[in-house]
Amino acid sequence: MGVTLYEYKEVYWQYLKQGYGHWAIPFCPVHRMELSRRSVDSLYGICEECKKSYYYNIDPKKVADYLGRKLSSKSYQDAEIISIDGIQTPQLKTRLRIPEENEEYWIEARLNKSDKGRQLVVYVGEKGSIGKVQLFANIDQEKLSFDHKDRKPEEVFAMLTASFPTGKKITIKAPDKNT
Ligand SMILES: [Zn+2]
C-alpha cells in the first residue's frame, strides 16, 4: 500500500495517526512536496519548488480532526444500526445463521430483547435476488408482522405459521393460484 494524500482546501494533506494523537500535513498539489510552514498551526504554507504560498486558512489540527472523522465514517458505512430510542430497543441479541446447503433460499434470525418483550426477527431471501422478507415475531405480545418496505412473505412462502409458547398460532398464507 502506498501513501495516501487527501485533497482538501486546495492542497493535499497527509493524515498521520499515532496513539491518541493525529496530524495533518499540507502538501503542494502540484509538486506533492510538503509545504514549508512557519509553525505547525500556520494557516498557509509555501512550496519550495513552485515558490507559491498556499492559503488553506485552517489550523491543520482542525484538518486532522476533520479527516479523522471523515475517514472513520467510511469504515462505519456497513455498521449495523441498533435503535435505542424506538420501541424495539435490542438489549440482548443473538444471531444465528442457518447453513445454506443447496437451498435456493437463505435465512437469518436474531432474537432481540427489550422492555416490550422478546422479538424474533427472521430474514428470508432467495439467492441471487435482492429483495428479502423481514418477519417480526413478538413472542410476548404474540404478534406476527413483516416489514412492508421489503418483500411480502406470501411472495416467498406458500404458508408461514408462527407458534407462540401459549399455543397461539398465526398463519400467513399465499393466495391459492388456482382460484
Ligand atoms: Zn509546488
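Ser163 stands opposite Lys169 in strand 12. Strands are DSSP runs of E with at least two residues, and helices are runs of H or I with at least four, both numbered from the N terminus. This is a predicted model, in which local features need pLDDT of at least 70 and side-chain atom pairs count only at pLDDT 80 or more, while totals for chains, interfaces and linings use all residues. Residue numbers start from 1 along each chain as its sequence is written.

**Strands 11 and 12**

- Strand 11 and strand 12 (residues 169-173) run antiparallel and are joined by five bridges; two strands count as paired if DSSP finds at least two bridges between them.
- The two strands make a hairpin with five residues between them, and Gly167 in that turn has a positive phi of about 105 degrees.
- Strand 11 (residues 159-163) is hardly covered, since the count of buried residues among its five residues is zero. Buried means that 20 or more other C-beta atoms lie within 10 Å of the residue's own, exposed means 12 or fewer, and partly exposed is in between, with C-beta atoms placed from the backbone.

- Four bridges pair strand 1 with strand 2 (residues 11-18), and seven bridges join strand 2 to strand 3.
- Tyr8 has Val11 in strand 2 as its bridge partner, Leu5 stands opposite Gln14 in strand 2, and Tyr12 is bridged to Phe27 in strand 3.

**Turns of the sheet**

- The hairpin of strand 1 and strand 2 has two residues between the strands.
- Lys9 lies in this loop and has a positive phi of about 55 degrees although it is not a glycine. Lys9 is partly exposed because 16 C-beta neighbours lie inside 10 Å.
- Glu10 is in the loop between strand 1 and strand 2 as well, and its phi is also positive, near 65 degrees. Glu10 has 11 C-beta neighbours inside 10 Å and therefore counts as exposed.
- As background, most residues other than glycine have a negative phi.
- Strand 2 and strand 3 also form a hairpin with two residues between them, where Gly19 in the turn has a positive phi of about 60 degrees.

**Gln14 in strand 2**

- Gln14 belongs to strand 2 and counts as partly exposed, because it has 16 C-beta neighbours inside 10 Å.
- Gln14 and Ile25 are eleven residues apart in sequence, and their C-alpha atoms are 5.1 Å apart.

**Helix 1**

- Helix 1 has 16 residues and reaches 23 Å from first to last C-alpha, close to the 22 Å expected; the expected span is 1.5 Å times one less than the number of residues.
- Pro60, Val63 and Leu67 are the buried residues of helix 1.
- These three cover an arc of only 45 degrees around the axis, so they lie on the same side of helix 1. The arc is that of the directions from the helix axis to the C-beta atoms.
- Lys62, Arg69, Ser72 and Ser73, on the other side of helix 1, are exposed.
- The buried residues of helix 1 pack against strand 1, strand 2 and strand 3.

**Nonpolar cores**

- The largest nonpolar core has eleven residues: Val11, Tyr12, Trp13, Ala24, Phe27, Cys28, Leu35, Cys47, Tyr54, Val63 and Leu67. Such a core is a set of buried Ala, Val, Leu, Ile, Met, Phe, Trp, Tyr and Cys residues joined through C-beta atoms within 7 Å.
- Strand 2, strand 3 and helix 1 are the elements that give two or more residues to this core.
- Strand 2 supplies the largest share of this core, three residues.
- A second, separate core of five residues includes Val133, Leu135, Ala137 and Leu144.

Note on methods
Two residues are in contact if their C-beta atoms, placed from the backbone, lie within 7 Å.
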